[in-house]
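Reader: I'm new to this one and would like to go through it slowly with you. Could you show me the structure before we start?

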Amino acid sequence: MEICWQFDYEIEIDQLRNLYAKAKQQQWDAARDIDWSHEIDPSRPIIDESQFLLGRLPVIQKLSKSQQETFRAHMSAHLLSQFLHGEQGALMTAAALTHAVPDYEAKLYAATQTMDEARHVEVYQTYIDRLAIIYPISPWLKHLIDVTLQSGHWVKIAIGMNMVVEGLALGAFHNMRRQTRCETLRAITESVLRDESRHVAFGSVYVGAAVADMHEDEREDIADFAFEAVKIMSDAQGGPDGKGRRASDPGFVQMLENVGIDTGDFVRDLVNASASGLRAKLPPGHVHSFRDLMMPALVRVGAITERSRERYAAAGIPIWDDLTKLESLEDPSRGDIEIPEGA
Ligand SMILES: [Fe+2]
Ligand SMILES: [Fe+2]
């Protein structure tokens, strides 16, 4: 990327100043502020039984009680490993933003996000150490972060990370905070969520003005990047239950092997479950990241153009542009997005 000095030290974007000020005040320390004295039960750290779709598959139900507990521990370790690796990706993209954003106050803000992400890597690594093992990053997640880091433009980095990856993560953290039975994980999620709400807000606040100022050709180039990022994520979902993603994820397959589950049986059961309409029961208030947070935010900043809408249509990716849910979670005076626990 181009070297980007900024010798005008005037702050003009108040929302970025506010995000920076808030970030400085809200720094927390995993070693000092998280109570690590609670016992962590690796077999039930995250998931509420009633929402545990995979637990209802025959291949899992025929396991002994202790095998099922082992499965839950490794499932959780696999999921949280994705958070851990994603946080490392966020650490690198935030550092790249610090380098590349043109405004002084944006550099200050991005430096705080870099430190936030370093603390997130630390806290998830510490927690997963107590669960099982760290599993490899899912290929689609690594691909998305690699593409973002190599995009060469700060607006693309902010779209790929702050809007797409962190938009997804914000919903996931919110849902996990509501569902987990592990006090330590709840405390971690609470703290991480507060930081992530600033990171997502940065994308919303800063990208919109930059896109509006662009020449039309440049805007279309940005819109193409946004489409590619959304497509990587959409493909990774592999259908509503994610069976496509799981069967082609070496880390997930390794997890099944570690627990002694046959991959072929597992995939067959997932396909049957999907065909018979078995769905995870989502609790009221469950946030759908793609529909409620990510897509409306991309539309609002101008990263989805009339021309790129056709690409989404051709790929069968619906565009949700209803801002109601997103806006109900935002507070312009505070400058960030906050999802209340009972939302
Ligand atoms: Fe993070
Ligand atoms: Fe983040």
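Reader: How are the donor residues of the iron ion (ligand 1) spaced in sequence?

Author: This is a predicted model, and in its sequence the donor residues of the iron ion (ligand 1) follow the spacing E-x29-E-x2-H-x75-E. The residues behind that pattern are Glu 87, Glu 117 and Glu 196, each giving an OE atom, together with His 120, which gives ND1, and they coordinate the ion at 1.9 to 2.2 Å.

Reader: And what arrangement do the 4 donor atoms make around the iron ion (ligand 1)?

Author: The arrangement is irregular, because the angles subtended by the 4 donor atoms run from 89 to 137°, and a tetrahedral label would need all angles between 85 and 135 degrees.

Reader: Where do Glu 117 and His 120 lie?

Author: Both belong to helix H5, which covers residues 104-129, and they are 3 residues apart there, about one turn of the helix. Glu 117 counts as buried because its relative accessibility is 0%, and His 120 counts as buried with a relative accessibility of 0% as well.

Reader: Which ions does Glu 117 bridge?

Author: Glu 117 bridges the iron ion (ligand 1) and the iron ion (ligand 2), and these two ions lie 3.1 Å apart.

Reader: Are Glu 166 and Glu 196 buried or exposed?

Author: Glu 166 is buried, with a relative accessible area of 2%, and Glu 196 is buried too, its relative accessible area being 2%.

Reader: Changing topic, how many residues does the largest nonpolar core have?

Author: The largest nonpolar core has 96 residues, and those with the most contacts inside it are Ile 159 and Phe 266. Helix H7, residues 154-179, supplies the largest share of this core, namely 13 residues.

Reader: What does Phe 266 touch?

Author: Leaving aside residues up to four places away in sequence, Phe 266 touches several side chains, among them Leu 54, Leu 57, Val 59, Phe 71 and Phe 252.

Reader: How many aromatic pairs does the structure hold?

Author: The structure holds 11 aromatic pairs. In one of them, Phe 202 and Tyr 206 have ring centres 5.3 Å apart and planes at 45°, so the pair is tilted. These two residues are 4 residues apart in helix H8, which separates them by about one helical turn. Phe 202 counts as buried at 0% relative accessibility, and Tyr 206 counts as buried at 4%.

Another aromatic pair, Phe 227 with Tyr 312, is edge-to-face, at 4.9 Å centre to centre and 85° between the planes. Phe 227 lies in helix H9 (residues 216-237) and Tyr 312 in helix H14 (residues 306-315), so the pair ties together parts that are 85 residues apart in sequence. Both Phe 227 and Tyr 312 are buried.

Reader: Which residues form one aromatic cluster?

Author: Tyr 109, Trp 154, Phe 202 and Tyr 206 form one aromatic cluster.

Reader: Last one: what sits over the ring of Trp 28?

Author: The charged end of Arg 119 sits over that ring, 4.9 Å from the ring centre of Trp 28.

Definitions and conventions. Residues numbered from 1 in each chain as written. Chains lettered and ligands numbered in written order. Predicted model: local features only at pLDDT ≥ 70, side-chain atom pairs only at ≥ 80, totals over all residues. Heavy atoms only, no water. Core = buried A, V, L, I, M, F, W, Y, C linked by side-chain atoms within 4.5 Å. Buried < 20%, exposed > 50% of the residue type's maximum accessible area, 1.4 Å probe, protein only. Contact = heavy atoms within 4.5 Å. Donors = N, O, S within 2.8 Å, 3.2 Å for Na, K, Ca; no water. Tetrahedral: all angles 85-135°; square planar, octahedral: opposite > 155°, others 65-115°. Phe/Tyr/Trp six-rings, centres within 6.5 Å; stacked < 30°, edge-to-face > 60°. Lys NZ or Arg CZ within 6 Å of the ring centre and 35° of its normal.
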